[in-house]
Every structure is written in structure tokens, then in C-alpha cells.
Amino acid sequence: MTKNRKALKQQKLSAAKQLTSGLKTVSADMIGELLGKVIASGNKVCIEGDNQKQADFLSQALLELAPDEINNLHMLISTIGLPEQLDIFDMGLASKIDLAYAGPQGFRMARMLREKQIEVGNIHTYNELYARYFMDLRPDVCLLCGVEADSDGNIYMNGSAEDSSAIVEATAFQQGIVVVQVNRIVDKVRRVDIPADWVDFVVESPRHKFHLEPLFTRDPAQITESMVLMGMMTMKGIYAKYLPRTLNHGVGFNTAAIELMLPTYGEELGLKGKALTNWVLNPHPTMIPAIEEGWVESIIPPGSELGMEKYVEANPDIFPIGADGSLRSSRLFAQLAGHYSADIFVGASLQIDALGNSSTVTSERMTGYGGAPNFGCDAGGRRHTSDAWLQAGQEYTGGGLPRGRKLVVQIVETFQQGMKETFVENLDALQLAADATFPLPPIMIYGEDVSHIVTEEGIANLLLCRTLEEREQAIRGVAGYTKVGMKRDKKVVADLRSRGIIQRPEDLGISKLRATRDMLSARNIKDLVRWSDGLYNPPSRFRNW
Amino acid sequence: MEHLEYKFDGGNTQTDMLKSTVQGVVSSGNLEVLIERKKLNGKCRFIIDTAAEGFAKTWQAVLSRFMENHQPADLQFSINDYAASPDIVSLRLDQAYEALSGGKK
Amino acid sequence: MKFKISQSYLEATARQRIGFIVDKGSFKEIAPPSEKPASPHLDMFNIPKSFGDGVIIGEAEINGRPVSILAQEGKFMGGAFGEVHSARITGLLRRSLNTKPDAVVCLWDSGGVRLQEANAGEIGVTEIMGAIFDLKATGIPVIAAVGGSCGCFGGAGIITGCCDYVIASEEARIGISGPEVIETTMGVDAFDSRDRALVWRTTGGKNRYLFGFVKELVENCPEEFRSAICSAMAKSFKYSLKNLEAMQEHLQERADKFGSMDNTFDIWKEMGFNSPEAIPEMTVAELKSTVQAGGEK
């Protein structure tokens with residue numbers, strides 16, 4: 001069958017021609033019928049399904065297919081964001097899936113796995129999944145999501161390109177069929193993000209607005225004193241020590257706190273211009289004060305963020321902006337940048353074990369990986385140098401052959417809501433893997449990749465640990481009053497502290513009493529709007545005015 | 001709700017402090033700490049009402065470390081706790097103690 | 001744009017708010033935490049109590065002038081009126097009838113009556129209203145400030161309406177039935193309580209100011225609350241049957257004019273604002289200058 005990809009595509013296009021009379025534009029009420037012509041049983045169908053945007057209209061259109069005619073589809077979805085994308089398994093249209101992330105559908109996914117209603121090929125990180133689109137998971141059909149199309153099939157995506165460029169490249173040039181839903185069909189697109197030659201069909205979505213989640217908006221109002229304290233420790237104990245220029249932040253409130261403290265505590269530490277200049281990051285609203293204060297040279301975003309459009313467009317020196325004036329994003333390139341050219345990754349996790357392995361899965365929720373493992377690991381293939389990378393490498397090897405090392409920092413509170421302990425002897429991920437008979441437990445970041453763990457109790461520098469025993473005690477030594485923390489060997493921990501492997505706030509010269517919300521350059525979303533001079537237009541759910 | 005009481009041998013009695021102070025608010029994940037100077041033969045007493053049951057050992061650990069760090073004496077601590085995590089408890093205790101001794105500055 | 005954040009009235013605790021408003025060192029607390037006044041009812045619901053039962057009462061000076069002051073702690077049980085909580089407030093108000101301060105300052109922050117002790121709470125609310133009317137009859141101004149996360153709903157909304165003068169920030173929401181209550185009884189089409197922008201432009205300080213319920217609108221900034229309270233203390237409030245009838249007439253006109261409208265933007269347009277959509281984005285100063293420039297108030 002793989003020998004006839006070209007011929008099969010031609011067959012499908014001829015069948016479709018009867019419907020479309022040769023036009024690329026398809027009317028919305030014909031879309032089910034069209035998909036019936038271009039999708040065949042057993043096809044690999046890639047649908048967006050991205051971290052933020054969702055091809056909602058095409059996802060729904062799949063439900064119109066008849067399972068007795070079309071079945072055993074093998075779905076390729078980087079982020080399962082809509083219930084329809086799992087309904088097709090319940091209906092008997094699809095049987096197998098390869099994915100990277102199942103965030104909002106994680107609970108249902110876990111249940112379907114337990115009840116064996118879905119076969120999972122593999123759970124990937126984003127770039128791995130895109131890579132496989134060019135190897136052994138070549139899409140037969142892809143269903144994409146854009147903003148504008150013209151009648152020739154040129155597509156404009158604005159800042160929401162996300163996964164599209166990777167998917168379309170893998171489909172259009174490997175004899176697959178490309179169908180795109182757009183908000184509007186126009187005479188002339190604002191910018192060509194995908195050239196018409198690569199596109200087979202476009203359809204105007206009757207809703208005129210695809211589903212887009214504001215995933216990266218963190219309301220500063222929810223930042224706690226503990227987060228401020230941990231942020232101060234990270235800034236003074238890690239940023240000021242290694243002075244990393246290139247970095248990636250996770251999406252949690254801990255890193256949002258740091259972003260908001262750059263103009264305050266960062267300024268006090270004298271970091272401006274010396275560190276944290278080039279970022280891999282979605283357009284986080286909490287970056288606005290730092291951008292306004294001149295901290296940031298560049299930000300390469302994997303995606304967009306609702307409400308940030310005008311602010312981003314007003315900063316073309318920092319964000320990638322097209323000649324038309326709007327944002328361009330690419331998850332593929334941003335992930336690549338985060339993997340190879342970030343000196344430091346700072347993120348958070350739901351569970352960490354005593355050797356530093358971490359995971360965000362819980363027994364009832366199957367989320368997958370997304371991009372964190374590629375950001376949060378030492379890139380073994382990296383060969384270009386930077387001061388921060390070399391300094392970390394030197395600490396890690398303790399001499400000998402010069403090597404570099406990415407700084408991978410986990411900031412966690414020892415307890416989460418409901419007195420749930422972050423530090424555990426055994427990760428839930430191990431049990432989940434056993435229950436679902438996964439060959440690989442879903443570990444987000446392996447312990448050996450982690451350079452520092454920061455908690456309210458202090459910083460553990462794992463680069464300086466010379467044995468596994470030392471690493472374990474360094475982690476227990478900052479695990480607070482959790483069971484893992486209470487099981488520390490006090491003498492060893494005291495020794496690690498005297499060697500600077502564990503640093504308490506007071507060792508860093510940080511008074512806990514300064515760790516208040518007054519440290520933040522914005523207290524709430526409204527402050528961010530004011531910082532942006534009215535350019536940031538937050539979604540309604542974040543407003544209290 | 002669980003009621004807990006602890007008594008610790010104290011360090012040195014200080015007199016240049018406020019008579020009492022209260023820090024924190026009883027809201028979910030938070031707590032209220034009232035410290036009062038009392039004649040307790042140099043000891044410190046902790047009276048705790050907590051919504052999180054079964055954490056007596058954790059309280060013991062948090063309070064012991066607070067006593068080690070500050071070595072206070074002749075103080076009574078009354079705590080209304082709405083399931084605050086130990087790090088928040090420890091932070092509030094430090095803040096309340098600082099506010100109490102802040103009177104001498 | 002360089003933007004300097006101020007301290008936040010919204011985030012502050014009741015104790016911090018009193019510290020912001022009164023002259024430094026002048027606050028004398030009545031029945032303080034060390035006397036451990038607390039609710040006798042919460043134990044049976046397995047809910048932790050608080051010393052003071054969620055409201056701080058006392059006497060202080062503002063610009064050297066004596067005041068009675070109270071502050072509800074919105075973070076404890078939503079600032080709700082329980083038995084002890086209400087009794088403390090009523091006690092302060094009645095005491096003020098004798099001590100005759102220059103003003104009674106009420107920093108409200110409450111979702112209404114505490115469900116766990118609802119009967120006592122309802123009675124408490126009426127006692128507080130009675131005491132406020134007694135104060136008004138003696139000419140002691142009762143000044144309300146609203147800027148906490150609970151706003152003022154239910155009994156608290158009514159009590160606020162009884163005060164002589166209401167100061168609020170945009171973040172303060174004031175009403176009788178809360179957004180969730182309205183949605184539950186009238187349906188989501190009538191009021192979508194999860195649409196935060198809708199909730200705030202309907203119940204928030206700006207709309208209450210444009211309707212005249214809130215007399216002074218301030219930013220979420222403690223100094224602005226303090227200075228608005230100082231200005232209010234310079235005013236005198238007179239009541240007469242004529243006043244009351246005029247107010248009744250005004251309310252009737254308002255109901256006739258806006259009663260059929262179901263959208264704040266339409267109402268603002270009718271009030272004379274050319275671009276009502278811009279109002280939520282305005283600062284307090286911008287809104288006030290727009291009002292002065294011709295928008296009706």
C-alpha cells in the first residue's frame with residue numbers, strides 16, 4: 001500500500017472532484033461528505049489537536065463519517081483537546097492513537113485505557129511526534145486549523161501556527177491530503193503562512209472562530225508568599241550565580257512569580273542585561289513588566305496567547321513578527337531552541353522522588369508529556385558553548401575533560417493543596433505504567449537531568465553531589481516536613497549544607513519576611529493591562545473590572 | 001477539627017517585646033497565630049485548633065524547629081488553623097515572632 | 001509603560017486596612033484577639049473559628065479627629081455575619097451613640113449572612129441596620145468603604161445602602177443577590193456568573209458609582225480610601241421627608257428609563273456615554289473626567 005501513496009491520493013482527489021467541481025473551497029455543509037471521500041479505512045489521520053488551538057469544526061465533521069465504511073483510523077494528535085477527538089474511538093471510526101499530550105481529556109483518556117477502548121501507539125514529546133511524521137507515521141490526511149484562506153488555498157494563521165508547519169510539511173510532500181478549516185475565506189490573505197500549492201481543500205468554519213485556550217495566562221493575584229520566596233531564592237542562588245542568558249520557563253505560578261520579580265528583585269540583584277535576555281516562551285502576560293523595563297531581547301514562542309495580540313505586535317524587536325505585522329509561531333522551532341540553545345529550564349512538577357525523578361501524572365489522569373522533557377533535559381548533542389553552560393558542566397564533572405551542562409531547575413512547594421506531598425518515595429507514574437502495561441513509566445524529567453531543586457526550605461544543587469547517596473540526602477534535605485523530608489540523615493544534610501550543596505534562605509542572605517507580594521511588579525491582571533498601556537486585552541474570565 | 005497542645009522548654013525570657021500580636025487569617029490553607037507574653041516558668045505553650053486531622057507529629061516537628069531557631073520563653077501561642085501546609089505554618093510563626101519582637105526596634 | 005503598583009486595599013487583611021486608614025498608633029481595639037471572642041457555633045460544623053469572629057472593632061483618630069471604626073475580614077468565612085460577629089458590630093455602633101465620635105467608619109467586606117448561624121446572623125443584620133439609623137438620627141455620619149474581594153452582598157449590600165456615604169473601588173462588587181444566586185434562579189441567559197467582565201460591569205464599583213449609589217469611586221489603593229474617608233468626614237448629611245420623596249421619585253424615573261434594558265453597555269449609552277465599551281478599561285481619573293465632560297451621572 002505504501003508504494004501507491006501517489007496513486008491513492010489521485011484516486012481520492014478524483015472522487016472529491018465530483019463534490020467540489022474542482023474548487024479548493026468546500027462549503028461547510030459538504031464537509032462530512034468530503035472527508036468521506038478523502039479518508040479511507042486504516043489511514044493515518046493527523047488533526048490539530050495543538051496545545052492551544054483546536055480544529056473544532058473538522059473534529060466535529062469526523063463524527064459524520066460512517067464507521068461501517070470507514071474504520072480503523074490511526075489518529076495522530078499532538079494534544080487531545082476536544083471530546084470529539086475521543087468520540088471517534090467510541091463510534092468505532094478510529095482504533096489507534098499516537099499523541100504527545102491529553103491535558104483536558106486526561107481523565108477520559110485514562111478511563112478509556114483502563115477499559116481498553118483505545119490503543120495507544122506511543123506517548124511522545126512534541127518534537128518526537130513531529131519527527132515520526134517524517135519517518136514511520138506519515139499522515140495520509142491532515143486536518144488543520146487557520147485564520148484566513150483565499151480561494152486558491154493560501155492560508156494565514158497569525159500567531160497560532162503552532163504545529164501546523166510541521167504537520168503540513170510532513171503531509172503535503174509525502175502524498176497526503178491537506179484539509180484546512182479557516183475562520184474566514186477572503187479575497188486576499190493577510191500573509192501567506194502556508195502556500196496554496198500545499199493545500200488541497202479549505203472550508204470556512206460556521207463558527208468563524210476556532211477553539212483557542214488561553215493556557216499561559218497566570219493571574220498574579222494567585223501568587224503566594226511561598227512562591228515569592230522560592231522565586232527570590234532561584235534568582236539569587238541560581239540566576240545570579242550562573243547568569244544564564246538563554247532560558248525557558250514552565251507555565252506554572254512559580255515561574256510567573258519570577259517573571260514579575262525581574263523589575264523588582266532582579267533589578268536589585270543587578271541582573272538586567274547580564275542574564276535572562278533570550279527566551280523560549282509563549283507570550284506570557286506576566287512577561288509584560290520585564291519587557292517594558294528592557295530586560296528582554298527576544299522571545300521565540302511555540303504558540304500565541306489570547307489577548308496578547310496587540311501587545312506582541314507592538315514589540316517586533318522581541319517577538320517574531322511578519323511583514324504584515326502579526327505574530328508567527330512554531331512549536332517545532334521553539335522546542336528545538338528550548339532543547340539545544342537554552343542554558344536553563346525552570347519548571348515545576350506534581351511529584352518528585354528521592355532521586356529527583358519527577359512526574360505530572362496521577363493515577364486517575366493520563367496527561368502525557370507535551371514539551372517539558374525536551375526543555376527539561378541536558379541536550380547530549382549540544383556542542384556550542386556559553387559561560388553558564390560551561391560553569392554548570394564544570395560543577396557536574398568536578399574537573400577533567402571540559403564539558404557543558406544545561407541547568408534544569410525544579411521549583412516546587414513541599415506540599416500542595418489538601419496537604420498533598422510533592423516529595424514521594426514512589427511516583428504514581430510507576431503504578432500507572434504497570435496498570436496500563438506501558439513499557440515505559442511516564443517520567444517527565446529524569447533525576448540525572450535535574451541540576452537544582454528549589455523548595456521553601458532551600459536549594460539543593462544536585463550538580464555538586466558526588467554519589468547517589470548524597471543526591472538523595474540533598475533532596476531529602478529540602479523536602480521540608482514531607483515524609484521524604486523527615487527521613488533525612490541530619491548529619492549528612494548538615495555536611496551538605498556546609499559544602500554549599502544545600503542552601504537555606506538565610507545562607508543566601510534572604511529574609512523570609514521580605515518574601516511578600518509587594519515584591520511583584522503587578523498584583524493582578526489589571527496591573528498587567530496598565531503596564532501594557534492598554535494593549536493587553538485579557539479574556540473575560542481573567543477580569544475583575 | 002483536632003485540638004493539640006504542646007509545651008517546650010524555652011530559652012531566655014525577653015521583656016522588650018509587645019504584649020501580644022496576631023498574624024495571619026483563618027482561611028483555607030492559612031492560619032491565625034496569636035502570641036501572648038505569659039508567665040510560664042520559662043516555657044512556651046502552643047494551643048492549636050486545626051481542621052487538618054492526624055498531623056500531630058508534623059506539628060511537633062514544625063514547632064520544635066521554631067523553638068530551636070528562636071529560643072523564646074514565656075510565650076503562649078494560640079493557633080486557629082484551616083489546614084495550612086507546614087511551610088506556611090512555619091512562615092506565620094516566624095512573622096508573628098518578628099512582629100512581637102519588632103516592638104523593641 | 002512604567003507602572004508603579006501601589007499597595008492593594010483588595011489584598012489587605014482587615015487589620016492592615018485599619019492600619020492604612022487611621023492615624024498611626026491611634027487605634028485602640030475593643031475586645032481584641034487576646035480576649036478570644038469567637039463563634040460558639042462553628043465547632044459543630046468542623047470549621048475553625050477565628051479570634052474576633054471575622055471583624056475588628058475599635059476607636060481611633062483620622063487626621064486627629066475621633067472615629068469609631070470596624071473592619072470585616074473577608075477572607076474568614078467570606079466576611080459573613082454570624083452571631084458574635086454581628087454583636088460586635090452592633091456593640092460598636094451603639095457605643096458610638098454615647099461616645100459621639102466625628103464619624104463611624106465601616107470597612108465592609110462580606111458576602112452576607114453566615115449560613116451556619118443564619119437565624120442569629122439575620123437578626124444581627126437587622127440590629128446593625130437599626131443602630132445605623134439611630135446614629136443617622138443623631139447626626140453622626142456613618143461612612144462605608146467597600147473594596148474587598150467579597151464586596152457587599154446579601155445583608156451586607158443592604159447595610160451598605162443604609163450608610164450615609166459609600167466609597168468603593170472598581171473591584172468592589174455591591175448587590176443584594178450574588179451573581180451565582182441570580183444565575184441559579186433566573187437562568188444563565190439572564191446572568192452568566194462565570195462571565196467575570198459582565199459580573200463586574202454590572203455589580204462593580206464603576207456601575208454603582210455611575211448610578212449614584214457609590215458616592216466616591218477610588219482606585220484599589222489604601223491612600224485613596226483614606227483620603228476619600230477624610231473628605232467624607234467634612235460633609236454633613238441631612239434627611240427629611242422631602243429628601244426621601246425626591247429619592248423615591250428619582251428611583252421611579254430610573255426604573256422607567258432603564259428597566260427594560262438587560263445590558264450595562266446600553267444603560268451607559270442611554271446615560272450619555274458615547275463609547276460605553278471603553279468604560280471598563282478607564283482609570284478612575286479617566287472615568288471622572290469623562291463624566292465631567294458631559295456623560296451623565
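Mentor: Happy to! First, a term we will need: axes are lines fitted to C-alpha atoms, for helices over the stretch in contact, and angles run from 0 to 180 degrees between N-to-C directions. Keep in mind that this is a predicted model.

Trainee: At about what angle does helix 1 of chain B run to strand 1 of chain B?

Mentor: Helix 1 of chain B covers residues 56-70. This helix lies across strand 1 and strand 4 (43-50) of chain B. Its angle to strand 1 of chain B is about 30 degrees.

Trainee: Which strands of chain B are the edge strands of its open sheet?

Mentor: The sheet has 5 strands with mixed pairing, in the order 1-4-5-3-2. An edge strand pairs on one side only. In chain B these are strand 1 (2-9) and strand 2 (20-23).

Trainee: In strand 5 of chain B, which residue is the bridge partner of B:L31?

Mentor: Strand 3 (residues 30-37) and strand 5 (residues 75-82) of chain B run antiparallel, joined by 8 bridges. Within strand 5, the partner of B:L31 is B:D81.

Trainee: And in strand 6 of chain C, which residue is the bridge partner of C:A145?

Mentor: Here strand 5 (residues 142-146) and strand 6 (residues 165-169) of chain C run parallel, with 4 bridges between them. Within strand 6, C:A145 is partnered by C:I167.

Trainee: How many residues are charged on the side of chain C that touches chain A?

Mentor: In chain C, 15 residues are in contact with 15 residues of chain A. Of the chain C side, 6 are nonpolar and 2 polar. The charged residues there number 7.

Terms used:
Residues are numbered from 1 along each chain as its sequence is written. Chains are lettered from A and ligands numbered from 1 in the order in which they are written. This is a predicted model: local features need pLDDT of at least 70, side-chain atom pairs count only at pLDDT 80 or more; totals for chains, interfaces and linings use all residues. Two residues are in contact if their C-beta atoms, placed from the backbone, lie within 7 Å. Ala, Val, Leu, Ile, Met, Phe, Trp, Tyr, Cys and Pro count as nonpolar, Asp, Glu, Lys and Arg as charged, and the others, Gly among them, as polar. Two strands pair if DSSP finds at least two bridges between them. Helices (H or I, at least four residues) and strands (E, at least two) are DSSP runs, numbered from the N terminus.
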